[in-house]
Number of protein chains: 2
Amino acid sequence: MTTSTEENYLKAIYNLNVDRDGKELGTNELAGHLGVSPATVSSMLKKLKEKAFVSYEKYGAISLLQEGEAIAHAVIRKHRLWETFLVEKMDFTWDEIHEVAEQLEHIKSKKLVDQLDKLLGYPKFDPHGDPIPTANGEIRGMHKTTLDQELAGKQLKVVGVKNDSPTFLQHITQLGLVINSEILLKSRLEFDGSLDVEIEGKDQMISQKVAENVYVSNII
Amino acid sequence: MTTSTEENYLKAIYNLNVDRDGKELGTNELAGHLGVSPATVSSMLKKLKEKAFVSYEKYGAISLLQEGEAIAHAVIRKHRLWETFLVEKMDFTWDEIHEVAEQLEHIKSKKLVDQLDKLLGYPKFDPHGDPIPTANGEIRGMHKTTLDQELAGKQLKVVGVKNDSPTFLQHITQLGLVINSEILLKSRLEFDGSLDVEIEGKDQMISQKVAENVYVSNII
DNA sequence: ATTTAAAGTTAGATAAACAAAACTTTTTAT
DNA sequence: ATAAAAAGTTTTGTTTATCTAACTTTAAAT
């Protein structure tokens, strides 16, 4: 049986290895992400390696082995199903769900997860636009482009966010940026990379930092 | 913030102090109930006393102080609401819910509990017939008589069970003994205290041990 | 009333998860 | 190519929750 802590390490390793172009994951970065010291990560990696959950050599890159990835998928599946449940059935807003889902994702009951999935109508995406892994651990395709990478003049749709923090989510909700919002990217300022956009008809300026954390797709 | 372990101790102390006529609760009994050694209970009590959750002196009786009782009530409320949720919304049977509820009862989110209560229509009893404490920690009245204490000839209704274990619940479900089942207590055998009963029309023998764990009320 | 049994406590140890400080390896910059 | 910086590891130590073994107190039995 895996502990909650182990599950959190595996999930973090998974998340940090997605969405990066070959850059290696090290103990410092993982420690920062988990809010623990690099020393703690070093010793935990020894344990996770013994259990054959991760691939790791001293001073080397950290990545998941098959079994570790399966556990990460299962935890992420639970996290995203619970987030969906909280929004759909419990009247939570998308900035309130992460913290509670961090707790609920560690509940151990296969039946509960299956029933949750059924109750929600087998959703494919969670309230942040992230895909929900299937019961077999398959993930149906991830996001690609963030708003900051798009060209001026494009008509876009918000399909997800890269950041789950309440403050970020509250900020963009204020701007009108929620899942399925339509955006016209009018122009980009050379000065600081901020963007002049039209969101659901309203004119707005958004910082590059915000744009980097919003996933979009083209409107055909 | 209280840990899950502390909450489990407070809940156990609460449960063991209900349903007993003045008999004092000691470390051995508590240890047995929690599945830990008496030594562990001794040291944990020191901590719970420091936090002013329990009243306790060396070699003396264990009981809850106001704050400890409030926490116990809150945990029991969550436990029973989750059990109700699992049966009402997730198609669990009453013998499957205890184990999962033991995990869910420690989730920390006021909003989640309130919404759960609302979603379920503010239930007064859980699937085992136990009363659900209100948000202010009030419990609306407990069970009184178990089936083994009733007189022969009486027409009774099952209102609850004293034991949550899967094996017990599966056994009595087999007998037809579920919440609201109607029972006619026909006679009691002097030999071993077992009972001759008619359950929903069917004739059955049930052991004294079983009868001690079924709460009943008179049908008026 | 004394012995024995039951109940309870204390002391010493362990495992999990963490941190600080000291040390080592790798990478970067000049 | 070497020094400095960054990244990573090891050692030592802490906290929480647990155990076993040894000891003490209280209750029961003769």
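## Surface near DNA strand D

In this predicted model, 19 residues lie around DNA strand D, and those that come nearest are Gly26(A), Asn28(A), Ala39(A), Thr3(B) and Ala39(B). A residue is taken as near a molecule or strand if its C-beta atom, placed from the backbone, lies within 6 Å of it. Two or more residues of this surface come from each of helix H2 (27–34) and helix H3 (38–50) of chain A, and from each of helix H1 (4–17) and helix H3 (38–50) of chain B. Helices (H or I, at least four residues) and strands (E, at least two) are DSSP runs, numbered from the N terminus.

By class, the surface near DNA strand D holds seven nonpolar, ten polar and two charged residues. Ala, Val, Leu, Ile, Met, Phe, Trp, Tyr, Cys and Pro count as nonpolar, Asp, Glu, Lys and Arg as charged, and the others, Gly among them, as polar.

Residues are numbered from 1 along each chain as its sequence is written, while chains are lettered from A and ligands numbered from 1 in the order in which they are written. Because the model is predicted, local features need pLDDT of at least 70 and side-chain atom pairs count only at pLDDT 80 or more, whereas totals for chains, interfaces and linings use all residues.

## Surface near DNA strand C

Around DNA strand C there are 19 residues, of which Thr3(A), Ala39(A), Gly26(B), Asn28(B) and Ala39(B) come nearest. Helix H1 (4–17) and H3 of chain A, with helix H2 (27–34) and H3 of chain B, each contribute at least two residues to this surface. Its residues divide into seven nonpolar, ten polar and two charged.

## Packing of H2 and H3 in chain B

The axes of H2(B) and H3(B) are 8 Å apart and form an angle of about 105°, which makes H2(B) roughly perpendicular to H3(B). Axes are lines fitted to C-alpha atoms, for helices over the stretch in contact, and angles run from 0 to 180 degrees between N-to-C directions. Angles under 35 degrees count as roughly parallel, over 145 as roughly antiparallel, 65 to 115 as roughly perpendicular and the rest as oblique.

On the H2(B) side, the contact involves Thr27(B), Asn28(B), Leu30(B) and Ala31(B), which meet Pro38(B), Thr40(B), Val41(B) and Ser42(B) of H3(B). Two residues are in contact if their C-beta atoms, placed from the backbone, lie within 7 Å.

## Interface between chains A and B

Chain A and chain B each give 14 residues to their contact. On the side of chain A that touches chain B, helix H4 (66–90), helix H5 (97–104) and helix H6 (110–119) each supply at least two residues. H6(A) gives the most, with four residues. That side of chain A has seven nonpolar, three polar and four charged residues.

## Helix packing in chain A

H4(A) and H6(A) pack at an angle of about 45° with their axes 10 Å apart, and are therefore oblique to each other. Lys78(A), Leu81(A) and Phe85(A) of H4(A) make the contact with Val113(A), Leu116(A) and Asp117(A) of H6(A).

H4(A) and H5(A) pack at an angle of about 130°, with axes 9 Å apart, which makes H4(A) oblique to H5(A). In this contact, Ile97(A), Val100(A), Ala101(A) and Leu104(A) of H5(A) meet residues of H4(A) including Lys78(A) and Trp82(A).
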